[in-house]
Amino acid sequence: MKSFLKAFLITLLILALLIGGVVFFLIKPAFDDMHDGEDAEEIARVLDKREGDSYNVLMLGVDGGGKRTDTIMLLSVQGKEVHITSIPRDTRVKIGKNHQKINAALPTGGVPMLVEAVREVTGAPIHYYAKVDFDGFVEIIDQLGGVDFDVPQDMQYSDPAQGLEINLKQGYQHLNGEQAIQLCRFRKYPTADIGRTQVQQQFIKAVIDQKLNLGNLFKLPGVVKSVGEHVETNFQMRDLFSLIGIGDVQLHQMPGEGKYIGKVSYFVQNKSETYAMFEQYFLGTGEPAEKVYTA
């Protein structure tokens, strides 16, 4: 009996190594292509050096041209625990010599300037980044087989100039990639962009809860190969696999409020509460990070 059990365990180990090797072989070429961004050296210069097992990932959702930031989200992975928050696109921050909305950072100075802006308003380190365009987002959700989600309200919106058509009904339902991007781009909430960021966070939580498990391991090659041209990142292979089995996902709201300053609508952070939150949940220092990059 002991000999049989030993042989069985060895067989399982060999099988696991073979599966891991095949998955690695299939996705490594496409995954490496995601690390070829134009500003790779400048981005590397502003990112923080990771220490230990905990790290932060700046997730950026961008338009088809890759220049306008539609979504800015920060994920902090700490063991099997994940903390998620959004940086409102209208957050008031100093870019160059002037105060602007934070989503002006990407077209002004690329990912390096946006990283610096996020580090300034949060006091949190940025170890990795991932920039995904709309087509890549749609393909990722479709490759994962869609996501079950409780749509909080009816959503109808049309903008032919952007090629954007949104038509979703309220209620719990299965969303494919196209429906998911409609959900995440919808803006007509009573609380404006705050409501939008909350729904986006809840959707990302649903993806993590439903899809980051061993049952979806074999979907990774298809996901990575199909979205390679739509994603730019410095994320590492070892960390990609470490996300499998993530457990506790906690959502956080950045403290602040909407204000008009000089006839411009901004989201103005509550600095003391913001830095305290990012220090507690996002590995922050409790104060703005020193800038190292100038465009």
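**Entry 1: helix H4 against helix H5**

Which residues in H4 meet which residues in H5? I keep in mind that this is a predicted model. From H4 I noted Phe-134, Phe-137, Val-138, Ile-141 and Asp-142. From H5 I noted Gly-177, Glu-178, Ala-180, Ile-181, Cys-184 and Arg-185.

I sorted this contact by class. The contact of H4 with H5 has 7 nonpolar, 1 polar and 3 charged residues.

Next I looked up the geometry. Two packed helices are described by the angle between their axes and the distance between the axes. H4 covers residues 134-143, and H5 covers residues 177-185. Their axes come within 8 Å and cross at roughly 130°. That makes H4 oblique to H5. I also noted the hand: H4 passes H5 in a right-handed crossing.

**Entry 2: helix H5 against helix H6**

At what angle do H5 and H6 pack? I found about 145°, with the axes 8 Å apart. On the H5 side, the contact is made by Ala-180, Leu-183, Cys-184 and Arg-185. On the H6 side I listed Arg-196, Val-199, Gln-200 and Phe-203. By class, the contact of H5 with H6 divides into 5 nonpolar, 1 polar and 2 charged residues.

I compared my two lists. Ala-180, Cys-184 and Arg-185 of H5 meet H4, and these three residues also take part in the contact with H6.

**Entry 3: aromatic pairs**

How many aromatic pairs does a search of the whole structure find? I got 7. I wrote down two of these pairs in detail.

I took Phe-137 and Phe-203 to begin with. Their ring centres are 6.0 Å apart. Their planes lie at 45°, so the pair is tilted. Phe-137 lies in helix H4 and Phe-203 in helix H6 (residues 193-211), so the pair ties together parts that are 66 residues apart in sequence. Are these two residues buried or exposed? Phe-137 is buried, and so is Phe-203.

Then I turned to Phe-149 and Phe-203. Here the ring centres are 5.7 Å apart. The planes are at 70°, so this pair is edge-to-face. It links distant parts of the chain, with Phe-149 in strand S7 (residues 147-151) and Phe-203 in helix H6. They are 54 residues apart. Both Phe-149 and Phe-203 are buried.

**Entry 4: a cluster**

Which residues form one aromatic cluster with Tyr-55? I found Tyr-128 and Phe-235.

**Entry 5: looking back**

Phe-203 kept turning up in my notes. This residue pairs with Phe-137 and with Phe-149. Phe-203 is also in the contact of H6 with H5.

Note on methods: Residues numbered from 1 in each chain as written. Predicted model: local features only at pLDDT ≥ 70, side-chain atom pairs only at ≥ 80, totals over all residues. Heavy atoms only, no water. Axes fitted to C-alpha atoms, helices over the stretch in contact; angles between N-to-C directions. Helix = DSSP H or I, 4+ residues; strand = E, 2+ residues; numbered from the N terminus. Parallel < 35°, antiparallel > 145°, perpendicular 65-115°, else oblique. Left-handed = near helix turned anticlockwise from the far one by under 90°. Contact = heavy atoms within 4.5 Å. Nonpolar A, V, L, I, M, F, W, Y, C, P; charged D, E, K, R; others polar. Phe/Tyr/Trp six-rings, centres within 6.5 Å; stacked < 30°, edge-to-face > 60°. Buried < 20%, exposed > 50% of the residue type's maximum accessible area, 1.4 Å probe, protein only.
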